[in-house]
Amino acid sequence: MFDLQGDETAMIYSPSAREIAIALQRDARLVFDLVSYWLSKALSNSHGEVSFVRELVTVTDGESILLSETSISVSSTMLHQKPYVVFDMNGVRERCELADLLVVVTYQEGKHVVERKSILYQAKVQYADDEYEEGTWNVQANQQYCLARFPEMWPARSRNMKKPMEIWKVSPRTLDLGCYLLLTRNRMDNTWRFDSRDLLPYALAPSATAMSSSAGARWVDHGYTYHAANRFTNHILFETGEPHNAEVDKFIAAVLSAAGTSELQPPTTCYISKNYNHDGTPIYDDKEKDKGGFGFIQVTVQAHKGKE
């Protein structure tokens, strides 16, 4: 399930990053179990797309694990602004929300950054109306076009959609920069559904490009599946994710700037609730509950000093 692929497929450029990935591979099951816990906890305390992202950020912030040859630490926050973008689609100017969540995985040796990989996620909750078949999600065609093709775009800072001087350009070399998190709820009691075999969250994470054959359709079947826990784990293992170069660095910096921060290291202030009721459900104040925001999760994999 976690076989490390060759350089051309896995897109690992430096020998040091590949050494870290191979070392991390030896503890892949522990990483998978940790990621599964994060997603399970976030899903079980969620009541929709926004709260899922908020809960995932809450669960992951401050997490760390010491492995045999590496260590993993996580810093997460909820930024107050969602990045909205404007772009041209088939001759028509469109405006949409770029994503709900940015996950950046960084491999380090000491304070030296070896390599980074990023994924932008758009979360979608399964439509609850019995009129629609199980396993369908409401996906906007313009948003899917944006996440699949990454056309020239610019931040939508006002209702004025005129093309400005500031243009975001990125040419992904993988299919992983834009992905969906497709989340499923039980229609009978509106709770999140879990896979009964192993209690893993029933959440799928296909790339936007993998779904492009359905672009323009309002309802997307879940035939293109990638279990969310596998997607997150393989990102940490550097088997998926868009590798950073100067262009990707600039693009991710622009997305973070539009979300309200200029630093790759996330700010310490956020509006996430850390308090829970006795039954385990999260406590939100009225203002916080209605906020959207943009989730930002940074996973740092540190090679142990003196590694072979």
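Predicted model: local features only at pLDDT ≥ 70, side-chain atom pairs only at ≥ 80, totals over all residues.
## Nonpolar cores

Let's start inside. The largest nonpolar core has 45 residues, and Y107 and I236 touch the most other members. Helix α3 (residues 28-44) supplies the largest share of this core, nine residues. Leaving aside residues up to four places away in sequence, the contacts of Y107 include A17, I20, A21 and L24, along with H112, I236, F238 and V301.

A second, separate core holds 32 residues, among them F87, F150, L177 and Y180.

## Helix α4

Helix α4 covers residues 49-60 and reaches 17 Å from its first C-alpha to its last, close to the expected 16 Å. Ten of its twelve residues are buried, so α4 is largely enclosed by the rest of the structure. Just after α4, look for G62, which takes a positive phi of about 85 degrees.

## Salt bridges

The model has eight salt bridges. In one of them, R26 pairs with E69, with the closest N and O atoms 2.6 Å apart. R26 sits in the loop between α2 and α3 and E69 in the loop between β1 and β2, so the pair ties together parts that are 43 residues apart in sequence. R26 is exposed at 54% relative accessibility, while E69 is partly exposed at 25%.

E97 and K82 form another, at 3.1 Å. Here both partners are buried, E97 at 12% and K82 at 18%. Shared partners join K82, E97 and D100 into one network.

R173 and E242 also meet, at 3.7 Å. R173 is partly exposed at 35%, whereas E242 is buried at 0%.

Methods
Residues numbered from 1 in each chain as written. Heavy atoms only, no water. Core = buried A, V, L, I, M, F, W, Y, C linked by side-chain atoms within 4.5 Å. Buried < 20%, exposed > 50% of the residue type's maximum accessible area, 1.4 Å probe, protein only. Helix = DSSP H or I, 4+ residues; strand = E, 2+ residues; numbered from the N terminus. Contact = heavy atoms within 4.5 Å. Expected span 1.5 Å × (residues − 1). Salt bridge = Lys/Arg side-chain N within 4 Å of Asp/Glu carboxyl O.
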